[in-house]
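Thanks for coming. I will take one structure today and go through its ligand site, its surface and its salt bridges.

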Amino acid sequence: MIRQALIAGGGIGGLAAALAASRAGWDVRLFEREPAFSEFGAGIQLGPNVLRVLNGWGLTPALQEVAAFPERLQVRCALSGQTLAELPLGEAMLRRYGAPYATLHRADLQQLLLRAVQQKTDTRLQLERPLLSFSQQAQAVTVKTSRGPEIEGDALIGADGVWSTVRQQLLGDGLPRRTGHLAYRALLPQAQLPKRLRSQQVTAWLGPRLHVVQYPVRGGEWLNVVAIVEGETAAEPNSWDHGANAAELAERLAGSCTALQDQAQAMKRWRLWTLHDRAPMQGAQQQAVGRVALLGDAAHPMLPYLAQGAGMAIEDAAELGHTLAQALDPVFDVPTMLQRYALNRWQRNARVQARALRNGQIFHAQGLLRWGRDASLRLLGSKLLDMPWLYGMTAKVL
Ligand SMILES: Cc1cc2nc3c(=O)[nH]c(=O)nc-3n(C[C@H](O)[C@H](O)[C@H](O)COP(=O)(O)OP(=O)(O)OC[C@H]3O[C@@H](n4cnc5c(N)ncnc54)[C@H](O)[C@@H]3O)c2cc1C
């Protein structure tokens with residue numbers, strides 16, 4: 001039996017879904033709104049839970065060419081610069097969870113997924129073709145895109161990001177929330193930084209109402225820095241006005257230690273985002289209805305404070321592949337299998353969303369809470385930073 005999956009969105013989630021569906025034996029048609037598959041210049045961290053999925057898809061050699069594999073995570077106080085706690089990554093993660101912790105340029109991750117999808121003959125990737133709407137019938141789902149005739153498939157996967165068109169039509173549950181948190185991101189070849197500011201580890205600086213995370217990408221040759229602050233900005237969302245962004249960030253970091261201010265100043269070219277999320281999912285009915293399922297940020301947009309948004313999109317895709325493979329058996333109908341996908345995913349996604357929210361409060365703590373956080377980090381160190389519930393879960397990979 002030949003089944004066709006229609007996928008809206010060619011970000012990390014959509015490409016992972018295309019790969020998983022194709023590996024499950026489905027034909028795939030993917031519609032991307034933009035004229036090219038392109039991720040912006042920023043980094044991404046992937047935990048061992050995600051690397052195990054990528055390994056199952058045979059992507060470890062490609063990953064090793066582009067990723068960095070930092071040896072440790074170090075948490076520092078943004079005000080004093082003191083080290084609060086450390087978590088060994090590298091070999092320690094490999095031993096504990098069967099895969100290391102990786103940090104990458106987003107474009108490198110997207111390209112390696114894209115290359116893997118392009119090697120599949122049963123996938124058609126269509127650029128500059130936004131999905132506009134869909135309709136569900138008993139035996140099929142039909143989509144309308146910006147051009148061409150309507151297209152029929154057996155399932156539609158909405159992987160069209162935080163502002164998902166598919167979600168709007170499927171759930172009609174309004175727009176994502178503006179969190180009042182801003183992300184400044186910068187990337188620079190390490191060779192352009194003074195030696196004392198180069199780094200091959202993940203460092204998280206925690207300060208009142210802000211935190212900064214830095215890590216190497218591109219095999220360690222570049223440094224990625226993301227600074228998250230609470231507050232509003234007059235700048236346009238996703239603003240490229242580097243001069244204004246750098247000045248605004250310098251002001252927000254004014255009370256921080258010299259080491260952190262020096263790092264921010266050295267990075268120079270900062271791009272600014274306003275962050276949106278949704279409350280944790282309430283049930284499987286929010287992730288799949290009939291022949292339509294949501295995946296990645298379309299399903300569970302979250303604050304990036306657990307560094308797992310793309311990770312959950314990739315785990316979603318792995319689970320989707322598993323259920324789509326079963327749906328090739330005529331005994332199982334597609335809506336039932338998509339419901340199974342949703343049932344197997346929503347609680348994990350909700351837990352990660354909730355934990356990301358809580359991390360924001362802890363990372364940005366002030367006063368007594370901050371004192372308690374720092375004391376706990378000093379006392380418990382890696383025990384607090386390691387998360388077996390997150391890194392240890394094994395997604396089924398086909
Ligand atoms: C500051 C920051 C740091 C982060 N750090 C990490 C991290 O370290 N680790 C991690 O795992 N995650 C991280 N994340 C989260 C991660 O970036 C997202 O969870 C992930 O990119 C979501 O991928 P996606 O494919 O679901 O959505 P997107 O990347 O948003 O992709 C959606 C795609 O759909 C397309 N599209 C939209 N509408 C339509 C339409 N109607 N028709 C067709 N195509 C459409 C878009 O053009 C886009 O290509 C971070 C996020 C932020 C903001």
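Predicted model: local features only at pLDDT ≥ 70, side-chain atom pairs only at ≥ 80, totals over all residues.

Residues are numbered from 1 along each chain as its sequence is written, and side-chain values use heavy atoms, with hydrogens and water left out.

Back to Gly207, which sits in strand E13, residues 202–207. Helices (H or I, at least four residues) and strands (E, at least two) are DSSP runs, numbered from the N terminus. Arg76 is 131 residues from Gly207 in sequence, yet their C-alpha atoms are 9.0 Å apart.

Now the ligand. There are 31 residues around the ligand, and Gly13, Glu32, Gln45, Arg106 and Asp297 come nearest; a residue is near if one of its heavy atoms lies within 4 Å of the molecule. By class, this shell has 11 nonpolar, 12 polar and 8 charged residues. Here Ala, Val, Leu, Ile, Met, Phe, Trp, Tyr, Cys and Pro count as nonpolar, Asp, Glu, Lys and Arg as charged, and the others, Gly among them, as polar. At least two shell residues come from each of helix H1 (12–23), strand E3 (43–46), strand E12 (177–189) and helix H9 (309–326).

Which atoms does the ligand meet? One of its oxygen atoms is 2.6 Å from an N or O atom in the Glu32 side chain. A backbone N or O atom of Gly13 lies 2.8 Å from a ligand oxygen. On the nitrogen side, a ligand nitrogen is 3.2 Å from an N or O atom in the side chain of Thr165. The ligand has 1000 Å² of accessible area on its own, and the protein covers 87% of that; the areas come from the Shrake-Rupley method with a 1.4 Å probe, and for residues only the protein chains shown count as cover.

Next, salt bridges. Side chains of opposite charge can pair when their charged atoms come close. How many salt bridges does the structure hold? It holds 17, a salt bridge being a side-chain nitrogen of Lys or Arg within 4 Å of a carboxyl oxygen of Asp or Glu.

One of them joins Arg218 and Asp108, at 2.8 Å from N to O. This pair links distant parts of the chain, 110 residues apart: Arg218 is in the loop between strand E14 (210–217) and strand E15 (222–230), and Asp108 is in helix H5, residues 106–118. Arg218 is partly exposed at 30% relative accessibility, whereas Asp108 is buried at 12%.

Another is Arg345 with Glu315, whose closest N and O atoms are 2.9 Å apart. Arg345 lies in helix H10 (residues 334–363) and Glu315 in helix H9, so the pair ties together parts that are 30 residues apart in sequence. Both Arg345 and Glu315 are buried. Salt bridges with shared partners join Glu315, Asp316, Arg345 and Arg348 into one network.

Last, Leu384 is in helix H12, residues 382–385, and is partly exposed, with a relative accessible area of 36%.

Definitions and conventions:
Polar contact = N/O pair within 3.5 Å; in protein donor to acceptor, adjacent residues only side chain to side chain. Buried < 20%, exposed > 50% of the residue type's maximum accessible area, 1.4 Å probe, protein only.
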